[in-house]
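The tour goes from one selection to the next and says what can be found at each.

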Amino acid sequence: MAFNIKVNGNTHSIDVDGDTPLLWVLRDVLGMTGTKFGCGVALCGACTVHIDGLATRSCITSVDSVGESQITTIEAIGATPAGAKIQKAWLDREVVQCGYCQSGQIMSATALLASNPHPTDSHIDDAMSGNICRCGTYLRIREAIKQAAQST
Ligand code: FES
Ligand code: FES
C-alpha cells in the first residue's frame, strides 16, 4: 500500500503494509538508522521519535496511523531550538556511554524541554521514566537537561 509520510521536513513515498511499524519504515525503508530498536513493545524508549512534537514510540506506531503528521527523528532534532540545547548539554556533560539508548533519550528530553522550558526534577523523572539505559547514565541525563534548561 502506498503512503506519503513527512519526515524531518521531507515527504517520502513508501509502499508497505499499513500495519508496518514506523520504526521499520524509518530504518529499513528510508535508511535512517539513528532511531534504534530495543524491545519492540514500548518498554525501553530506544525508538522514540516526535510526531507533531510529542515523544512517541515508533515501534508500536503503525505507519497508517501517522497520516499528515510531522515526524522528527534524531537525524534532525539538532535543527530545533530545544534539540540544539539538549545536544550541546549532552556533549558538555559527556552523557553517552555505549550510546545505544541515547537517541531515544535525546528525543524524550527535547520533547520535555520544548513543552516545559524549566522542568523540575520531578518533571524530568516523569518525562524520562520510559527511557531505559543499561549503562546507567541517568544522573548525567538529568544534569544535562538542567543545563539545557538554564540556557533557555
Ligand atoms: S523499541 Fe520501542 S520502546 Fe523499545
Ligand atoms: S548509554 Fe548504553 S544503554 Fe544508555
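This is a predicted model: local features need pLDDT of at least 70, side-chain atom pairs count only at pLDDT 80 or more; totals for chains, interfaces and linings use all residues.

Residues are numbered from 1 along each chain as its sequence is written, chains are lettered from A and ligands numbered from 1 in the order in which they are written, and side-chain values use heavy atoms, with hydrogens and water left out.

**Stop 1: helix α1**

Select residues 22–29, which form helix α1; helices (H or I, at least four residues) and strands (E, at least two) are DSSP runs, numbered from the N terminus. The buried residues of α1 are Leu 22, Leu 23, Val 25 and Leu 26, where buried means under 20% relative accessible area, exposed means over 50%, and partly exposed lies in between (1.4 Å probe, protein chains only). Just after α1, Gly 31 takes a positive phi of about 70 degrees.

**Stop 2: two loops with positive phi**

Most residues other than glycine have a negative phi. With that in mind, select Ala 42, in the loop between α1 and β3, which has a positive phi of about 65 degrees although it is not a glycine. Ala 42 counts as partly exposed because its relative accessible area is 29%. Then move to Glu 94, in the loop between α2 and α3, where phi is near 50 degrees, again a positive value in a residue other than glycine. Glu 94 is classed as exposed because its relative accessibility is 62%.

**Stop 3: helix α3**

Select residues 102–115, helix α3. α3 has 14 residues and reaches 20 Å from its first C-alpha to its last, close to the 20 Å expected at 1.5 Å a residue, the expected span being 1.5 Å times one less than the number of residues. This helix is mostly covered, with 12 of its 14 residues buried, and those buried residues pack against β3, β4 (54–57), β5, α2, α4 and α5.

Ser 103 counts as buried because its relative accessibility is 10%. For a reference distance, draw a line from the C-alpha of Ser 103 to that of Ile 14, which is 89 residues apart along the chain and separated by 24 Å.

Ser 108, also in helix α3, is buried because its relative accessibility is 4%. With neighbours within four places in sequence left aside, Ser 108 is in contact with Thr 48, Ala 55, Arg 57, Ala 127, Met 128 and Asn 131.

**Stop 4**

Ala 84, in helix α2, and Thr 110 are 26 residues apart in sequence and 8.7 Å apart in space, C-alpha to C-alpha. Ala 84 is partly exposed because its relative accessibility is 36%, and, not counting residues up to four places away in sequence, Ala 84 touches Ile 77 and Gly 78.

Ser 58 is found in the loop between β4 and β5, and is buried because its relative accessible area is 0%. Its contacts, leaving aside neighbours within four places in sequence, are Pro 21, Leu 22, Leu 23, Thr 35, Cys 47 and Val 49.

**Stop 5: helix α5**

Select residues 138–150, helix α5, whose 13 residues reach 19 Å from first C-alpha to last, close to the 18 Å expected at 1.5 Å a residue. Ile 141, Ala 144, Ile 145, Gln 147, Ala 148 and Ala 149 are buried in α5, and the buried residues of α5 pack against α2 (81–92), α3 and α4 (121–128).

**Stop 6: the cysteines**

How many disulfides does the structure hold? The structure holds zero disulfides, a disulfide being a pair of cysteine sulfur atoms within 2.5 Å. Cys 39 counts as partly exposed because its relative accessible area is 29%, and Cys 135 is partly exposed with a relative accessible area of 25%.

Technical notes:
Contact means heavy atoms within 4.5 Å.
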